[in-house]
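Subject: A structure for you to explore

Hello! Here is the structure I promised to pass on to you, and my notes on what turned up in it follow just below. Please open it alongside this email and take your time.

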Amino acid sequence: MEINIESLVAKLHSKEAFLSLEISPSLSSRLDVEFINELKSLKGVDGFVCTDSPLARFKPSSILSSIKFQNALQKPVICTLSMRDRNSLALCGDILAANEMGLRAFLTLTGDSIKNGDCVGAKGVFEDNSLKLGAIIDGLNNGIAVNGKPLKEPIERIYNFQVINSYANNLQSLKHKIRKKLSSNRLSALFTQPVYSLEGAEFLLKSLEEINAEYELDCALVLGFFPVMSYKIALFLRDKLPGVYIPDTWVDKLHTAHAKGIVEEQKVGLEMSLSLFESLKKLHNKFHFMSANKPSLLEYFRI
């Protein structure tokens with residue numbers, strides 16, 4: 001069965017609701033059969049986004065894992081790819097070779113700092129940022145490799161997605177970053193970091209609408225959503241994840257609930273997350289769900 005990435009992209013740009021789910025390969029050479037079966041049972045998921053060693057913590061190859069996930073799930077997989085670990089020669093070669101295997105969608109990132117990771121002695125490459133990776137994809141779509149030479153034959157079109165922060169002290173700096181991304185690369189959509197503010201989501205949607213009109217583009221926005229089910233997660237999002245803002249009220253409520261036990265902690269976290277999600281749904285209908293490989297949480301969040 002051929003994976004139709006075009007149908008996913010078309011839905012992103014339609015008025016229909018859209019839902020993608022973040023997944024990460026386990027520390028194994030093989031896919032987890034139980035996890036695959038759980039993913040297959042999910043309803044309403046249009047596609048998956050396979051991570052690329054997030055926080056610079058070791059995981060199997062995102063490209064090879066994405067191909068395996070896509071074959072196993074028979075649904076489109078967007079492969080996360082960063083400039084952190086490979087130079088442009090290696091990245092262009094990987095993307096080109098993956099094209100024949102049916103992997104044609106990439107979420108391109110600069111990548112997390114290697115100092116945050118768990119591989120002592122590893123060195124970051126960071127030849128450039130995500131815009132360079134986007135330019136490599138644009139070149140391949142135009143029949144030109146990273147060395148400037150023409151490809152022997154055309155490729156199947158590659159779709160490029162990028163990430164935008166959901167918060168900044170100066171909101172206008174977010175708008176500037178959106179403009180820079182859209183003016184530099186041909187993007188199918190921007191995925192946001194987890195959103196915990198209705199006002200922030202409104203600003204991002206309005207900014208993208210204005211910039212799309214300015215450049216005569218049709219880039220979609222996908223709101224990132226990560227349910228906060230524990231005090232520990234709230235602290236991580238507040239202190240360790242740049243470009244994300246979680247309200248102090250959430251942290252305080254989860255801290256109080258944590259003292260009462262895990263059941264109360266999860267209950268409070270789910271209630272706050274659901275309330276925000278219902279508000280966001282009235283504003284927008286395209287979401288990227290993150291759950292730290294706990295897809296069963298999706299049963300509470302329907303679009």
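Let's start with Ala 56, which counts as buried because its relative accessibility is 7%, below the 20% cut-off for that label. Please keep in mind that you are looking at a predicted model. To find Ala 56, go to the loop between strand S2 (47–50) and helix H3 (62–73). As background, most residues other than glycine have a negative phi.

There is another residue of this kind to look at. Gln 74 is not a glycine either, and its phi is positive too, near 55 degrees. You will find Gln 74 in the loop between H3 and strand S3 (77–82). Is Gln 74 buried or partly exposed? With a relative accessibility of 29%, Gln 74 counts as partly exposed, because that label covers values between 20% and 50%.

Next, a look at empty space inside the model. Rolling a probe the size of a water molecule over the atoms shows where such space is left. How many cavities of 30 Å³ or more does a search of the whole structure find? The search finds 1, and the largest cavity holds about 40 Å³ of space. Its lining is made up of Ile 137, Asp 138, Asn 141, Arg 157, Ile 158, Tyr 159, Asn 160, Arg 186 and Ser 188. By class, these lining residues divide into 3 nonpolar, 3 polar and 3 charged.

Finally, please turn to a pair of helices. Helix H9 (residues 248–260) and helix H10 (residues 262–283) pack with their axes 7 Å apart, at an angle of about 155 degrees. H9 is therefore roughly antiparallel to H10, since angles over 145 degrees are given that name. On the H9 side, the contact is made by Trp 250, Lys 253, Leu 254, Ala 257, His 258 and Lys 260. H10 brings Glu 264, Glu 265, Val 268, Gly 269, Met 272, Ser 273 and Leu 276 to the contact. Sorted by class, the contact of H9 with H10 has 6 nonpolar, 3 polar and 4 charged residues.

Enjoy exploring, and write back with any questions!

Notes: Residues are numbered from 1 along each chain as its sequence is written. This is a predicted model: local features need pLDDT of at least 70, side-chain atom pairs count only at pLDDT 80 or more; totals for chains, interfaces and linings use all residues. Side-chain values use heavy atoms; hydrogens and water are left out. Axes are lines fitted to C-alpha atoms, for helices over the stretch in contact, and angles run from 0 to 180 degrees between N-to-C directions. Helices (H or I, at least four residues) and strands (E, at least two) are DSSP runs, numbered from the N terminus. Angles under 35 degrees count as roughly parallel, over 145 as roughly antiparallel, 65 to 115 as roughly perpendicular and the rest as oblique. Contact means heavy atoms within 4.5 Å. Ala, Val, Leu, Ile, Met, Phe, Trp, Tyr, Cys and Pro count as nonpolar, Asp, Glu, Lys and Arg as charged, and the others, Gly among them, as polar. On a 1 Å grid over the protein atoms alone, a cavity is a set of points where a 1.4 Å probe fits but cannot get out, and a pocket is an open set with protein on both sides within 12 Å along at least five of seven lines; lining residues have an atom within 4 Å of a point. Grid points are joined across faces, edges and corners, and a volume is the space filled by probe spheres set on the points. Buried means under 20% relative accessible area, exposed over 50%, partly exposed in between (1.4 Å probe, protein chains only).
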